[in-house]
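Welcome, and thank you for taking a look at this structure. Let us walk through it together, one part at a time.

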Amino acid sequence: MKTSIATVSISGNLLEKLEAIAAAGFDGIEIFEQDFIAHDGNPREVGDLIRSMGLEITLFQPFRDFEGLPDPLRAKAFDRAERKFDLMEELGTDLVLICSSCHPAALGGIDRAAADFAELGDRAAKRGLRVGYEALAWGTHVNDHRDAWEIVRRADHENVGLVLDSFHTLARKIDPETIRRIPGDKIFFVQLADAPLIEMDLLYWSRHFRNMPGEGELAVADFMTAVMATGYAGPISLEIFNDQFRGGQPKTIAKDGHRSLVALMDDVRRAVPATATTAPEMPARANVDGVSFVEFATRGHEADAFEAMLQTLGFRHAGTHIAKQLALWIQGDIRIVVNRETTGYASSAYAMHGTTVCDIGLSVCDAKQAVSRAQHLGADLFKQPIGPGEIDIPAIRGLSGSVLHFVDASSALKSIWDVEFNQMSNEAADAGLMRIDHLAQTMSYDEMLSWSLFYTTMFDMRKSPMVDVVDPDGLVRSQSIETPDGAFRITLNGADTHRTMAGGFLADSFGASVQHIALTSDDIFATSAAMTEMGFKPLPMADNYYADLAARFDLDPDQLERLKAGNILYDEDAKGSLYHFYSRPYAGGMFFEIVQRQNGYSGYGAPNAPFRIAAQKRLMRQKGMPRM
């Protein structure tokens with residue numbers, strides 16, 4: 001499988017684009033004419049530069065408004081084409097993309113267009129070049145790949161073929177199965193793009209909202225499966241127009257793009273094993289059974305205060321590490337590791353972020369296979385020196401440089417807690433917390449697409465629609481990603497401004513990854529009472545919240561009083577209900593949440609988020625006050 005990407009998909013100047021594309025592992029590029037024109041090197045120098053980076057020019061594009069023009073415009077179009085052929089020869093590429101005409105003088109008619117392409121094919125053949133024709137979704141006369149194919153078929157020229165673009169087909173709701181009727185050798189090039197489902201002008205949608213396969217909601221996998229069924233064996237390329245990407249980091253965008261293509265072609269290979277594809281074989285998406293542990297990097301008085309809070313949550317100090325300053329705290333199936341080390345990775349994480357979640361351990365079926373898939377998808381491996389008696393746990397880098405370790409039950413990894421920790425006989429009573437319900441990661445809004453792609457390509461997880469969370473000082477966008485059985489849930493919260501609570505946490509912690517951890521209880525009222533006995537102080541909620549609750553839901557007065565007494569929030573969805581309450585903010589804006597889901601409630605209490613945030617902000621430093 002030869003991977004490619006259009007230079008227009010990446011931010012930066014041409015050199016920055018090429019460096020990012022080469023580093024991400026692509027085989028080639030579509031050189032966008034605007035990027036070439038803006039560069040100060042001549043065509044031969046640009047071609048040599050691209051090849052020196054290990055890339056090839058898979059396509060030159062775009063050539064606009066060619067077919068169906070009356071004279072003298074027709075003659076001028078052929079003259080323009082000859083000039084671009086000269087340029088292509090200098091660059092060292094043999095294929096040009098011609099998109100269907102939007103010229104106001106263009107005439108319709110399949111035979112007229114076919115005749116134009118037959119003549120252009122003769123001219124291209126004399127130079128050893130090829131012409132690819134693409135139907136733009138907003139083309140004046142041709143806006144359907146089926147019509148474009150009929151023009152190519154009637155042109156009947158060896159040097160004229162079809163270019164397919166998933167956006168143009170799927171945006172017009174054209175059945176991708178119709179692609180199967182096209183001979184694979186007449187498909188010269190395939191471009192891919194996903195997009196969120198938005199009802200708007202097709203041109204505007206295309207120019208501003210395309211994203212990587214897997215980041216949107218179009219049936220790109222179905223499109224690609226149909227393409228591969230034709231026997232197509234050419235490049236698989238990305239053509240992305242996205243306002244967010246235009247201001248992003250070139251290396252991140254390129255890496256996401258390559259990851260999206262590799263994951264997509266693996267999905268195609270698994271869906272139709274007989275499909276002709278040279279996509280590399282790799283393990284399937286890892287099944288995550290839950291969170292094995294969460295590790296906090298902390299130190300000194302902050303560490304003492306954090307462990308004291310864990311005691312009020314009902315955790316017991318269950319073990320100390322055999323060689324390092326690590327303490328293991330346990331309740332139910334929840335493990336929290338407190339790392340006070342002054343050297344190594346955790347120490348660096350503390351120096352950067354203060355008290356922070358530096359490491360998340362995920363329970364998977366096969367840790368080695370999980371890491372293998374991650375490597376195929378371009379994830380960065382994590383390694384640090386292993387001390388005597390310690391177990392080497394497979395790991396990769398996650399958000400903000402944090403670490404994801406993979407733990408399974410079929411290898412030596414299952415005994416890590418017995419091997420690496422001296423157990424303590426602490427029989428302190430717990431508060432009834434059972435497991436981790438979800439982790440909430442905070443990031444800039446611009447990073448959300450990247451990290452949703454990360455989780456959904458690495459693991460067997462599905463994403464929910466994005467929702468807006470109203471903060472008194474702005475808007476935070478939130479998206480949940482979870483396994484089919486709900487064993488592992490994570491919410492991504494994107495902040496646009498430091499004035500929101502999420503944005504303030506991000507700014508103050510210099511990009512810490514996890515802002516809050518939700519823990520489950522099967523009896524939230526009993527848990528609340530037990531934690532109160534242990535000295536826990538919940539986030540106080542305003543009386544106005546409970547008055548509104550009584551108006552919105554048919555709650556028993558006694559139940560409403562119990563909610564109010566425990567500062568417990570409530571929500572319902574079509575399936576069931578949610579009870580939840582929060583700790584007060586600690587360590588610069590982190591917090592715990594206690595949840596009880598009933599009867600299959602699948603949400604995260606989003607209607608309560610504005611009131612929770614307002615309550616938290618009342619306890620944090622006032623606006624305009626510097627952080628000490």
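Let us begin with a pair of strands: β10 (residues 316-321) and β16 run antiparallel and are joined by three bridges. Within this pair, G319 stands opposite Q423 in β16. Two strands count as paired here if DSSP finds at least two bridges between them. Strands (E, at least two residues) and helices (H or I, at least four residues) are DSSP runs, numbered from the N terminus.

Before going further, a word on the model. It is a predicted one, in which local features need pLDDT of at least 70 and side-chain atom pairs count only at pLDDT 80 or more, while totals for chains, interfaces and linings use all residues. Residues are numbered from 1 along each chain as its sequence is written, and side-chain values use heavy atoms, with hydrogens and water left out.

Now widen the view from β10 and β16 to their sheet. It is an open sheet of eight strands with mixed pairing, in the order β14-β15-β13-β9-β12-β11-β10-β16. The edges are taken by β14 (395-397) and β16 (421-423), each with a single partner strand, so one side of each has no neighbour in the sheet. On average, neighbouring strands of this sheet are turned by 25 degrees against each other, direction ignored. Packed on the sheet is helix α14 (residues 367-376), which touches β13 (356-364), β14 and β15 (403-407); contact means heavy atoms within 4.5 Å. The direction of α14 makes about 140 degrees with that of β15.

Other strands to find are β6, β7 and β8. Strand β6 (residues 160-165) pairs with β7 in the parallel sense over four bridges, and the bridge partner of L162 in β7 is I187. Strand β7 is also joined to β8 (residues 236-238) by three bridges, and these two run parallel. Here Q191 stands opposite S237 in β8. Is β7 (residues 187-192) enclosed or open? Six of its six residues are buried, so β7 is largely enclosed by the rest of the structure. Buried means under 20% relative accessible area, exposed over 50%, and partly exposed in between, with a 1.4 Å probe and protein chains only.

Next come two helix pairs. Axes are lines fitted to C-alpha atoms, for helices over the stretch in contact, and angles run from 0 to 180 degrees between N-to-C directions. The axes of α5 (residues 110-125) and α6 (residues 145-155) come within 8 Å and cross at roughly 55 degrees. That makes α5 oblique to α6: angles under 35 degrees count as roughly parallel, over 145 as roughly antiparallel, 65 to 115 as roughly perpendicular and the rest as oblique. Their contact is made by I110, D111, A113, A114, F117 and A118 of α5 together with E150, I151, R154 and A155 of α6.

For α19 (residues 543-552) and α20 (residues 557-565), the axes come within 10 Å and cross at roughly 155 degrees. The two helices are therefore roughly antiparallel to each other. On the α19 side, D543, Y546, L549 and A550 make the contact, and on the α20 side L560, L563 and K564 do.

Finally, look for D256 in helix α11 (residues 250-271). D256 is buried, with a relative accessible area of 7%. Leaving aside neighbours within four places in sequence, D256 is in contact with M212, E215, S450 and L453.
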